[in-house]
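Visitor: I would like to learn how to read a structure like this one. Where do we begin?

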Amino acid sequence: MNQTSARGRFITFEGIDGAGKSSQIEAVVSVLRERGIAVEQSREPGGTPLGERLRDLLLHEPMHLETEAMLMFAARREHVARLIEPALSAGRWVVCDRFSDATFAYQVGGRGLDAAKFDVLESWVHPGLQPDLTLLFDLPPEVAASRVRSTGVNPDRFEREQRDFFVRVRDAYLERAHRAPQRIRIIDADRSPEQIRAQIEAIVAERWFA
Ligand SMILES: Nc1ncnc2c1ncn2[C@@H]1O[C@H](COP(=O)(O)OP(=O)(O)OP(=O)(O)O)[C@@H](O)[C@H]1O
Ligand SMILES: Cc1cn([C@H]2C[C@H](O)[C@@H](COP(=O)(O)O)O2)c(=O)[nH]c1=O
């Protein structure tokens with residue numbers, strides 16, 4: 001490991017299912033690599049062999065809501081220890097599809113679990129670690145749902161939730177963004193992929209390459 005390299009940056013993408021994060025993540029990773037930056041692309045739940053096994057359970061296996069919440073954090077513990085921290089410490093950037101904001105949006109906002117418990121889990125699992133930048137893809141749940149349907153892929157446990165659930169998840173994300181406006185940038189995701197990509201590239205350039 002290069003002891004003198006500066007710590008890498010941690011960028012996360014968030015939003016309700018079908019918001020359009022996946023293709024834009026690829027674009028950001030390409031832009032960073034073109035600038036010569038070493039980037040790890042990852043996702044949650046997942047990102048490690050064990051995390052991916054937990055992901056499979058989380059997305060497909062019926063379970064108690066608190067089991068779901070704790071498995072999200074178990075997968076995250078593994079991810080932080082094995083991928084995120086080693087990469088950032090070695091100067092590599094990490095671009096990740098979802099992180100703890102998703103737990104506050106889905107498990108607290110969507111499922112109605114107690115936020116205080118997650119504050120404790122967060123400070124246990126990743127004390128002092130927050131993304132440097134979070135891009136929150138915001139759009140009406142009905143638009144997102146129609147995008148999910150149009151993929152033709154069998155919906156998972158979360159994608160099968162009803163509109164009310166996604167309204168609560170969206171509201172929780174927006175409330176979190178309003179409390180941390182420097183870190184969480186809201187992207188109007190109900191636009192063309194080209195418009196969204198241009199805005200994201202401008203945000204990244206302004207933050208680090210101006
Ligand atoms: N800006 C856009 N306008 C219209 N359709 C889009 C847009 N962005 C993505 N899509 C389409 O919507 C669908 C969902 O997109 P994508 O998989 O990128 O979303 P996501 O946020 O990663 O969803 P999930 O969190 O459920 O994995 C795909 O079929 C994709 O082609
Ligand atoms: C990290 C995290 C994720 N979720 C949910 C949100 C999504 O429905 C799925 C992951 O699927 P994606 O299509 O790859 O986005 O998991 C959650 O409920 N809580 C979390 O902390």
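Guide: With one definition. Helices here are DSSP runs of at least four residues, numbered from the N terminus. Keep in mind that this is a predicted model.

Visitor: Which helix gives the largest share of the shell around ligand 2?

Guide: Helix 4, residues 100-110, gives four residues to that shell. The surrounding residues include Asp17, Arg43, Asp97, Ala102 and Tyr106.

Visitor: How many nonpolar, polar and charged residues does the shell around ligand 2 have?

Guide: Five are nonpolar, two are polar and five are charged.

Visitor: And how many residues surround ligand 1?

Guide: There are 15, and the closest are Asp17, Gly20, Lys21, Ser22 and Arg147. Helix 1 (21-34), helix 6 (141-150) and helix 8 (193-208) each give two or more residues to this shell. By class, the shell around ligand 1 has four nonpolar, eight polar and three charged residues.

Visitor: Let us turn to helix 1. How do I read its length?

Guide: Compare its span with the expected one. Helix 1 has 14 residues and reaches 20 Å from first C-alpha to last, close to the 20 Å expected at 1.5 Å a residue.

Visitor: Which residues of helix 1 are buried?

Guide: First the general idea. An α-helix has 3.6 residues a turn, so residues three or four places apart point the same way. Now the case here. Lys21, Gln24, Ile25, Val28 and Leu32 are the buried residues of helix 1. They lie on the same side of the helix, because they cover an arc of only 110 degrees around its axis.

Visitor: What is exposed on the other side of helix 1?

Guide: Ser22, Ser23, Ser30 and Glu34 are exposed there.

Visitor: What covers the buried residues of helix 1?

Guide: The cover includes strand 1 (10-15), strand 2 (39-43), strand 3 (93-97), strand 4 (133-138) and helix 8.

Visitor: Why does Lys21 count as buried?

Guide: Count neighbours. A residue needs 20 or more other C-beta atoms within 10 Å to be buried. Lys21 has 23 C-beta neighbours inside 10 Å, so Lys21 counts as buried. Beyond its neighbours within four places in sequence, Lys21 is in contact with Phe13, Gly15, Asp97 and Phe137.

Visitor: Where is Gly18?

Guide: Gly18 sits in the loop between strand 1 and helix 1. Gly18 also counts as buried, with 23 C-beta neighbours inside 10 Å. Not counting residues up to four places away in sequence, Gly18 touches Ala144, Ala145, Arg147 and Val148.

Visitor: What does the UniProt annotation "binding site" cover?

Guide: In the unreviewed UniProt entry, that annotation covers Gly15, Ile16, Asp17, Gly18, Ala19, Gly20, Lys21 and Ser22.

Key: Residues are numbered from 1 along each chain as its sequence is written. Chains are lettered from A and ligands numbered from 1 in the order in which they are written. This is a predicted model: local features need pLDDT of at least 70, side-chain atom pairs count only at pLDDT 80 or more; totals for chains, interfaces and linings use all residues. A residue is near a molecule or strand if its C-beta atom, placed from the backbone, lies within 6 Å of it. Ala, Val, Leu, Ile, Met, Phe, Trp, Tyr, Cys and Pro count as nonpolar, Asp, Glu, Lys and Arg as charged, and the others, Gly among them, as polar. The expected span of a helix is 1.5 Å times one less than its number of residues. A residue is buried if 20 or more other C-beta atoms lie within 10 Å of its own, exposed if 12 or fewer, and partly exposed in between; C-beta atoms are placed from the backbone. The arc is that of the directions from the helix axis to the C-beta atoms. Two residues are in contact if their C-beta atoms, placed from the backbone, lie within 7 Å. UniProt positions are given in the numbering used here, feature names are shortened, and annotations may be inferred rather than shown by experiment.
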